[in-house]
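Today I am looking up salt bridges. My notes follow.

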Amino acid sequence: MSTTPTLSVYNSLTRNKEEFKPLVEGQVSMYVCGPTVYSDVHIGNVRTFISFDVIYRTLLYLGYKVRYVRNITDVGHLLDDGEDRISKGARKLQLEPMEVVQKYTNGFHDVMRTFGTLPPSIEPRATGHIIEQIEMVQAIMDNGYGYESNGSVYFDTEKYIADQPELYGQLSGRKVDELLTETRSELKGSSDKKNPSDFAIWMKAGEDHIMRWNSPWSEGFPGWHLECSVMSTKYLGDTFDIHGGGNDLKFPHHENEIAQNMGACGCQPSRYWLHTNMLLMNGRKMSKSEDNSISPAELLSGDSKHITQPYHPMVIKFFMLQSHYSSTLDISDEALLAADKGYRRLCEGLKTLEGLGLSAKNQTPGARDAELLKLLDDIDTELCDDFNTPKAVAKIFEILPLINGYKGGTIAADQLSADALQQTSVKLQRIFSDVLGLQSTLDDQSGGGKALDHVMELVLDMRQSARQSKDWDTSDKIRDGLAAAGITVKDAKEGSTWTIN
RNA sequence: GGUCGGGUGGCCGAGUGGUUAGGCAGAGGUCUGCAAAACCUUGUACGGCGGUUCAAAUCCGCUCCCGACCUCCA
């Protein structure tokens, strides 16, 4: 086996692909902006969290000890009209705000479990960290970067820009003088600010605002960006390794997060910033108002005019992994269908390999061992190149003809050694399930359990007898009947196999 | 308007100064009682116009088109 290649990641902060070196050798601290739990989770959210799940899994695979923190935003995230998202949900559903939060947090967890992602190491909630947020507001004020105005506290971007002209706007590529003259924040009706680019770190609650806490400045609630600054540094330290999130959070959310951390402790929170790109439908960012949106539930049930059939969560996940996390991905029925077929072939190939790995007898080196093992090594190389799952997946597909060819006899038995096949089997299984987080859809297809297995064994046995006596009418009748019942029979030299469609 | 990113073959999607990405679909073949699967072979490609270079889809300039962000969003 070759040595593990060096991991490199694209750092949004420097706009360069850099060698990844964690702060503490062998350990990685990673923070990812989680969902705001005010409604059912968006499929675009799912893509982002699947991307970071694979990043998390790859880091574990590479032997790092990882602390992965992903928050739940349950307060402070305001709508255009200034109403808190959670409060609005509560009003609409006539529930306690925390009931809304619980309902959609549960839903979020269910969906993520369906897609086979690992839970983060810590999943903190904004409402559980009000005290820490108040403390950070105080620290920012003590350092001269925050000012109180009518019970609310704002971050003083003008002072921050004066002190750190290179920093503010670095992540999002914004020009500071434009930020200062930006006038659109008037939308928020906040005339309490000194500059339009200033943002709230503590907001005084209005009369009818449900979610409110006591603070030195007013009864109110924390600003949206603050929770991430607080929770990331609380659990990962003032400076940690990776901060991730959707590309659309770069500005203002992440930019302001950096400003807050700098304002509070004078240091950058994260060393590497990783951003995932948007999921598109019909070439545009999904949006309910433009009718180009599909929910996780609709994808799984097939109940949407955008798709012709339900899709297995693993197929959807596989579809996503065939593009790079930093690229936009256009979702469509045609593309999902292609992924579905490809995924099925992949699963069958891996199943075949598993059998070969156990049954191969050739103890001498094979002429094509090197070719196979090279492809195997290439997978690691691709994963280490900024978590390039599409290329890693392509390598697996390049291995398939070797496996199937060996099984089918077009590749002679002495061409591949038992050892190489065994090694490939073990490694691919690991890549497939541990790193990519995929599960074969073939297994749960025989979900009827043992009874169905026995029935099928009997039926196929009877058909085999018919075939041996060249009773094609009977053998075809059995096959057609099974096909009508949704079971595909495939004949091979060693016998017939079956799968449920 | 500002900032950033992108335009790749029928579809999705990698990649990048010279050598097949990959998947799906299509075509031909092998195998098979037939079918399915598998295997082999295979076509169509890098928005447009210039420039740099021995060589550009890949670098530079211009241009057209698209998207994201700038306001809540993963």
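**Entry 1: the pair in one helix.** I am working with a predicted model. I started with D110 and R113, which sit 3 residues apart in helix 3 (residues 97-114), so about one helical turn separates them. They form a salt bridge, and the closest N and O atoms are 3.2 Å apart. I noted the general idea: side chains of opposite charge can pair when their charged atoms come close. Next I checked accessibility. D110 is partly exposed, at 41% relative accessibility. R113 is exposed, at 57%.

Entry 2: I then searched the whole structure. The search gave 19 salt bridges.

**Entry 3: a pair between two loops.** I looked up D156 and K194. Their side chains meet in a salt bridge of 3.2 Å, N to O. D156 is in the loop between strand 6 (152-155) and helix 5 (157-163), while K194 is in the loop between helix 6 (176-181) and strand 7 (199-204). The pair therefore ties together parts that lie 38 residues apart in sequence. Is D156 buried or exposed? I found it buried, with a relative accessible area of 8%. K194 is exposed, at 53%.

**Entry 4: a strand and a helix.** My last pair was D491 and R463, with a salt bridge of 3.0 Å, N to O. D491 belongs to strand 14 (residues 487-492) and R463 to helix 15 (residues 450-468), so this bridge ties together parts 28 residues apart in sequence. D491 is partly exposed at 33% relative accessibility. R463 is buried, with a relative accessible area of 1%. Which residues join R463 and D491 in one network? I found R467, D476 and R479, linked through salt bridges that share partners.

Definitions and conventions: Residues numbered from 1 in each chain as written. Chains lettered and ligands numbered in written order. Predicted model: local features only at pLDDT ≥ 70, side-chain atom pairs only at ≥ 80, totals over all residues. Heavy atoms only, no water. Salt bridge = Lys/Arg side-chain N within 4 Å of Asp/Glu carboxyl O. Helix = DSSP H or I, 4+ residues; strand = E, 2+ residues; numbered from the N terminus. Buried < 20%, exposed > 50% of the residue type's maximum accessible area, 1.4 Å probe, protein only.
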